[in-house]
Amino acid sequence: MSQQQWTAVDEYFSEVLIGPDEALESALAAADAAGLPHINVAPNQGKLLQLLARTQGARRILEVGTLGGYSAIWLARALPAGGRLITLEIDPAHAAVATANLAHAGLADSVEVRVGPAADSLRQLAEDGAEPFDLVFIDADKPSNPLYFEWAVKLTRPGSLIVVDNVVRGGAVGDADSTDPSVVAVRRMHDLIAAEPRVTATSVQTVGTKGYDGFTLIRVEG
Ligand code: SAM
């Protein structure tokens, strides 16, 4: 099986199940024009996030890693009236593109882009006594995933869902001897998940336009 085949299948699913979407397409075009890297989720992955948020009945969503706001648009569209998405981004240029894209998608009132290191923003949310989030999507600097997982557990409630992207890393996650900081961190995060009695989780491998990777899904139980 080849990347070409995975891409063709993703394109087929996106065409038949998603179709054209002006706001999403223009968000990608604006991100491209601004020179942002092409590391947003794929359309079918964005829709998966949206379906999870809707299934979850999420009124409050937290995203770690905004980029140009592509996944934020998918997630924010799942919110009911009065719902809120807070998305955390370290790079002001990325945040500016995301803010414009979210406004263009008609989501400016339901989404807040917080600029700064996510570790600081997460601590601030806890200090401010933020209401628990119903869904957290972790998709920023991978070496910080253990920290983001720990904050996500603190900032959620029993029944909340935490989704972590890019946990397979082309299969490298299976290598216990890897010295790649992202792989080491993803493995460390899984150790923390396994040792955390308040959560239950599974990880799934995926292939598609984004290559060979995967998600971890974590349900907060108590
Ligand atoms: N979720 C986005 C999407 O699918 O459209 C993609 C996010 S991209 C993979 C990761 C983003 O995390 C980048 O925009 C990067 O600037 C941001 N980032 C990296 N380190 C960060 C940190 N320490 N705090 C907050 N954001 C960070």
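This text walks through a ligand site and then a salt bridge. The model is predicted.

Where does the ligand sit? The ligand lies in the largest pocket.

Now look at the shell itself.

Next, pick out single contacts. Find His94 again. One of its polar side-chain atoms is 2.8 Å from an oxygen atom of the ligand. Then turn to Asp139. An N or O atom in the Asp139 side chain lies 2.9 Å from a nitrogen atom of the ligand. Asp141 also takes part. Here a polar side-chain atom is 3.3 Å from a ligand nitrogen atom. How much of the ligand does the protein cover? On its own, the ligand has 610 Å² of accessible area, and the protein covers 90% of that.

Leave the ligand and look for charged pairs. Side chains of opposite charge can pair when their charged atoms come close. The structure holds eight salt bridges. One of them joins Arg77 and Asp21. Their closest N and O atoms are 2.6 Å apart. This pair links distant parts of the chain, 56 residues apart. Arg77 is in the loop between H4 and E2. Asp21 is in the loop between helix H1 (3-17) and helix H2 (22-33).

Note on methods: Residues numbered from 1 in each chain as written. Predicted model: local features only at pLDDT ≥ 70, side-chain atom pairs only at ≥ 80, totals over all residues. Heavy atoms only, no water. Polar contact = N/O pair within 3.5 Å; in protein donor to acceptor, adjacent residues only side chain to side chain. Areas by Shrake-Rupley, 256 points an atom, 1.4 Å probe, with all protein chains shown as cover. 1 Å grid on protein atoms, 1.4 Å probe; cavity = no way out; pocket = protein on both sides within 12 Å on 5 of 7 lines; lining within 4 Å. Sits in = over half its atoms within 2 Å of the grid points. Salt bridge = Lys/Arg side-chain N within 4 Å of Asp/Glu carboxyl O. Helix = DSSP H or I, 4+ residues; strand = E, 2+ residues; numbered from the N terminus.
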